[in-house]
Amino acid sequence: MTFLDFQELTSSNNFKTPAESESIEYKEASWKLPKSFWETVSSFANTAGGLIVLGIAEDKKAHEYSIIGVDNPEDIETQIFNDNNNPSCLSKPIIQNQDVTVTNFKDKKLIQVIIHAEQYNARPITAFGKAYIRTGDGDRVATAEQLKYFTVESQNEIDTHLLPASYTIDDLDPKSIKEYRDELNQKGIITVSENTNNQEFLYSIGVFRKDRISNSNTYHLTDGGLLFFGKYISITDRFPRFQLDYQKYNSDNSTNWVDRVSAGDMNFPSLNIFSFYNIVSEKLENSVPDPFIQDEKLSRTSYHGDLVSAAKEALVNCLMHSYYDGLVGVKIVDRPSYFEFTNPGTMRVSIESFLRGQYSSIRNTEIASLFRRIGISETAASGGPRIFNAAIKNKLNNPEISVDYSMNTTRIRIWKSFATNNDTELEKLSDLEKFIISTIKNKTSATANEIVNDPNNTFGKQTVIRHTLNSLVNQKFLVKQRRGRSFVYSLNPQNDYLNQVKHLKHLEDNILK
């Protein structure tokens, strides 16, 4: 997040873009800091961060913003830092000197404040005793479920809790335990003697752990062990909303699945994390096409292997990082053009950090450890780079990552389809499509009415323009966002962002050694 340069954004006191969003908020503050300022500080800190600009008014009917300025910026800046350090206002100080700047626009002054996202284990940041969440372009009071999520997230390891003594080995699926033992022996990672019974084996790999707080010296089943090896009915006794779901479709637009693996289904009565991974990973592999592709040296490319590796990486990442006490379950969607992995729980690192593999913060360390023992995952933050590099190496459409802070979910979409050359594709567009893209590029964003009323429009009226706009959205040249009763259209930023990450990683790997 960076400060805005309004000198470049507008030549008048009025502007429409950038509009308020999940990461931008405008507020009036001519002579006094509004109380809602701290509500937005809380909501940005509890989600992905953002920018607050003081000295701007909004005309909701015209969907327009006016630069009115701040009359006494020195006093308001002082008030910001005083309240920032007042625990009755903000639960802890989070604004630093470098996060605040006073900028000029003509004869008016604006105060811009960058709010950084707080670490997952330091949330929630509260304002006047309440925690807020940023959703869309507004601040919402956190629900009871979101507050519970914050409390759980404040613990680094959430699946190593010891369950009551009423949970025993009988709550685990014997078939899953046998398959796990067999895999350990087959891979030669650990040789498990046939004389070692299942109880001793589970002690040795940490599925049961000693209760070191009481004096009983007894072993208890862990949350992670139950999730990984448990019988479905036993898992749902502890995690009532536990759900693992894989759905395969025969087209990108179909609503009826042709294959499904779902926990609790009559076909999968004892599905747990381990058995789900084994079943679904094979289906993902079979779902990746294996076209005969040659590189410039006429050698067969590694498209199939790279994409299978990326899909399995996303699958295990999804299972390791899920918040199993959440409102929704794990959902894997398999369509001809892409895989989509959705898990309960927001990312504990930024999207950029995930893609660059800077560091990892695993939500379920017990589950991760059990996967690692059979060589399925690694301790290093390698998942993001593998997923991203598979797309870059094979010229596939870039992976898409989104976080929903209202539902506390993370979604990763991996494309099976090949990226198109933008220049070539642009040449194939009609004159109207080229006109719309050029207009939106110059304006940053625009509504259908603004394009219709553009002086250079010689292509038609509302119906034609709207139809073409929707076509460009479907082709992923544009994205649209609701603004009041209408939609505003802008260029799809996804490729630019991911290419920037790619170049940064290239600099680190090849230049900054």
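Reply: Let us begin with the term contact, which means that heavy atoms lie within 4.5 Å. This is a predicted model, and among its contacts between residues at least 6 apart in sequence, 66% join residues at least 24 apart.

Me: How many helices and strands does the protein have, and what percentage of its residues count as buried?

Reply: The secondary structure comes to 18 helices and 21 strands. Of the 513 residues, 47% count as buried, where the term stands for a relative accessible area under 20%.

Me: In which sense do strands E17 and E18 pair, and what lies between them?

Reply: As a general idea, side chains in a regular strand alternate between the two faces of the sheet. Here, strand E17 (residues 400-404) and strand E18 (residues 409-415) pair in the antiparallel sense over 5 bridges, and Ser 402 has Arg 411 in E18 as its bridge partner. The two strands form a hairpin with 4 residues between them, and in that turn Asn 408 has a positive phi of about 55°.

Me: Which residues line the second largest cavity, and how much space lies in it?

Reply: A cavity is a space where a 1.4 Å probe fits but cannot get out. The search of the whole structure finds 4 cavities of 30 Å³ or more, and the second largest cavity holds about 80 Å³ of space. Its lining includes Asn 408, the turn residue of the E17-E18 hairpin, together with Tyr 405, Arg 123 and Glu 153, among others. Helix H4 (residues 144-153) gives the largest share of this lining, 3 residues, and by class the lining has 6 nonpolar, 4 polar and 2 charged residues.

Me: What is the volume of the second largest pocket, and which residues are closest to its centre?

Reply: A pocket, by contrast with a cavity, is an open set of points. The second largest pocket has a volume of about 410 Å³, and of the 18 residues that line it, Glu 20, Glu 58, Lys 60, Tyr 65 and Asp 137 are the closest to its centre. Strands E2 (24-27), E4 (56-59) and E20 (478-483) are the elements that give two or more residues to the lining, which divides into 6 nonpolar, 3 polar and 9 charged residues.

Me: How many disulfides does a search of the whole structure find, and are Cys 89 and Cys 318 buried or exposed?

Reply: A disulfide is a covalent bond between the sulfur atoms of two cysteines. The search finds 0 disulfides here. Cys 89 counts as buried because its relative accessibility is 4%, and Cys 318 likewise counts as buried, at 1%.

Terms used
Residues numbered from 1 in each chain as written. Predicted model: local features only at pLDDT ≥ 70, side-chain atom pairs only at ≥ 80, totals over all residues. Heavy atoms only, no water. 1 Å grid on protein atoms, 1.4 Å probe; cavity = no way out; pocket = protein on both sides within 12 Å on 5 of 7 lines; lining within 4 Å. Points joined across faces, edges and corners; volume = space filled by probe spheres on them. Nonpolar A, V, L, I, M, F, W, Y, C, P; charged D, E, K, R; others polar. Disulfide = S-S within 2.5 Å. Buried < 20%, exposed > 50% of the residue type's maximum accessible area, 1.4 Å probe, protein only. Pairing = 2+ DSSP bridges.
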